[in-house]
Amino acid sequence: MFVLTSTQQQLEASAQRYLAERAAPVSEERGLYSAWPQLADLGWLGAAVPEEAGGYGGPVEMAVLARAIGAAFAPEPYLSACVLPTVFLSRTQTTVEPLQALFERVVSGGSIVVGAMDGEETVSFERIAGRIRLNGTLKHVVGGAGAQSILFSAADAKDPSRQTVLLLGRAAPGLLRESAPTIDGRESSTFRFSALDVSSDCEIRQSLQAFAAAREVAIVGQCAEMVGAMERLFLMTRDYLQQRKQFGQPLSGFQALRHRCADMYVEYQQSRAALSVGLRALIDNPLAPATRLVSACKLRVIKSARNIGSQAIQLHGAIALTEEYPLGRGYKRLLALEKAWGDSAWHARRVVEALPSGQG
Amino acid sequence: MADAAAAALNSFREESRAFIRAKLPPALAARARQGFHSSKADQEIWGRLLYARGWSAPAWPKEWGGAGWSAAQMQAFDEECYLAGAPELSWNGVRLVGPVIYTFGSEEQKQRFLEPILRWEMFWGQGFSEPGSGSDLASLKTQALSAGDDYVVNGSKIWMTDGHFADWLFCLVRTDASGRKQQGISFLLLDAKSPGVEIRPIRSIDNQHTLNQVFFTDVRVPKANRVGPEGAGWSYAKFLLANERTSSAEAPRCKFYLQRLHRLAQCVMRAGRPLAQDPLFRMRLAELEADLLALEASVLSVLEQNDTQADLMAQASMLKLVGSHLLQAMGQLMVDAIGPDATLLCAPPHEAEEQPSSVPSYVPGITSDYLYRRASTIYGGSAEIQRNLISSILLPAG
């Protein structure tokens, strides 16, 4: 597993302290980004990118922050609106000058770019008369409301195997956006492109590999966020078992429940180990992280999350069903993270993609 | 089951189906199919339609306005209702307190309460659990102190489903704190509008308001509202649970889930093809169908046994354990089927006319119900309590 450097430990401690001490951050006007300026001041917005590329950290720092956000059940869309765009921009800014300025604005919190990942619905593009025409839908873009631009990939309408990356201002005329609240207290946008005509400046050519790599980083970030949430649910449950009394004794006196608590510990530890597998993949091959390992990480983390989530509720009993008790928020956060950017089935395919299909 | 009995049950099913098809308003069915908790208005509509047919309390004896149906007929009717999209009706009046009143109540209580319950003109709340008494229900502390012809009630009940639309409450209260905890419990009926009764909403993680906490502060309740003698409350609670011995398996709800899964298999597209063609989905669905067939057979088997069966209680606990877990597994497959759409927050139909257009029509209610059903292994006796009951029969202490 990862041993944090002392600087990383300080980052972790300060992140935990900040998140624990602040008042509920969400305001009506800025929504999920209410505290974004504070995150910028704390240096969070550049923490996923190494210093040599203009940031303050790297994959481990990214995971430390994602994990702290997970443990706090914090609403900020750190992965879609910070990790994905900053990692992408840090790798493409060297070749495309305006992106350098954009990268700096994103890290300082002056501009918000939200990244989207392919789902069932995709976006297609055509090059027409020196411009680009877009058709399709982008769904489940967490933090779309409040972002200035969206970053996404699109497939060539004439040959879907050819893709490109686009960075589009939200104010593009004709771009339709609809918001929906999510179960875990965030916001999810759907962008519809109906023969939308945009400048070819929106296309960032030769950046597919950078986009793919940024997505792998963000997926490992999801796993880190899930590990953080799981840690909190596990500890909440352990504490509850010691406090709650029925039949004249604390629940922690009943052997059946002691064993279940032990099982949660095991799953939590395995989820941390799985996260280290994902982080190792990012560190060993930053340009093209091994998708098999990233997906194995998420697949294993999902398994732990299901175990820990359902055990946490069951061991708490009815109180866990109330919105007031914090457990439910963590449970719903785990569910939302599980389903975004590839569910178990999606990641399972990538784990066994290299499996030979067998002779005859 | 003998051929003649099976044939009779089938023709009963046909009759039920025909009635429901003729009488269930389509708009009501469209709302109920989503899987959110039914509003009071929807329960009144459907409950009163059933009453008009003489079917609002079909398991009650005929002398009390029931149709005298067998448990097997009740089960079949419940299934047909679920499959047709009938709204779920609260169990509190017809299925829980009603039988206690007609079995153990005074003449006045029977005259006063049974007819309004039958007519769906009176809604009830169940006051059993307390903040300090969940699994250990017998440790309950809500106190009913004798004061002349009344009791003065103080304490609190929690997790009261539909308490906010209850006209009356049936509560387990402590009338005697001196002996064994089960012995000092009495069964008391309370007017929810009594001074000193405060009902506070509890928002649950499914984003709905169905649960409540009720506070009793010096509430005066006539002793005439006590059912049976003092100290009989615990046995009435056991009676009430025994009545619902097979329905606690919730097999009809599982059947509704299965129907929904079949629909999702056709509607949901994965990689350009319907989910019905996904081998992983097919495999999981097959296992759940097999589990449900076994559960249904299990329910029928328990229905056919008589009360002297030594391990009947263990079997009832088994049904609850299996049924509650099957519900959750089916709910899990529904959530997995809709993928990222499961993360969208949808309001129940009585709170929101429309969902955002990005929400496919088959989505609303799935996640909400999935979240609520985390409680299926907690309500009605948690999975741990059920295992205690089974093991105490298999492995008696001492």
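In helix α1 of chain B, residues B:E15, B:F19, B:I20 and B:K23 meet B:W46, B:L49, B:L50 and B:R53 of helix α3 of chain B, a contact being heavy atoms within 4.5 Å. Five of the residues in this contact are nonpolar, none is polar and three are charged; Ala, Val, Leu, Ile, Met, Phe, Trp, Tyr, Cys and Pro count as nonpolar, Asp, Glu, Lys and Arg as charged, and the others, Gly among them, as polar. The model is predicted, with local features requiring pLDDT of at least 70 and side-chain atom pairs pLDDT 80 or more, whereas totals for chains, interfaces and linings use all residues. Residues are numbered from 1 along each chain as its sequence is written, chains are lettered from A and ligands numbered from 1 in the order in which they are written, and side-chain values use heavy atoms, without hydrogens and water.

The largest nonpolar core holds 157 residues, of which A:Y78, A:L134, A:F152, A:L168 and A:F193 touch the most other members. Such a core is a set of buried Ala, Val, Leu, Ile, Met, Phe, Trp, Tyr and Cys residues joined through side-chain atoms within 4.5 Å. Another core, apart from it, comprises 53 residues, including B:I20 and B:L50.

Positive phi values occur at two non-glycine residues. A:F247 has phi near 50 degrees and is partly exposed, at a relative accessible area of 40%. B:E250, with phi of about 55 degrees, is buried at 10% relative accessibility. Buried denotes under 20% relative accessible area, exposed over 50% and partly exposed the range in between (1.4 Å probe, protein chains only).

Key
Helices (H or I, at least four residues) and strands (E, at least two) are DSSP runs, numbered from the N terminus.
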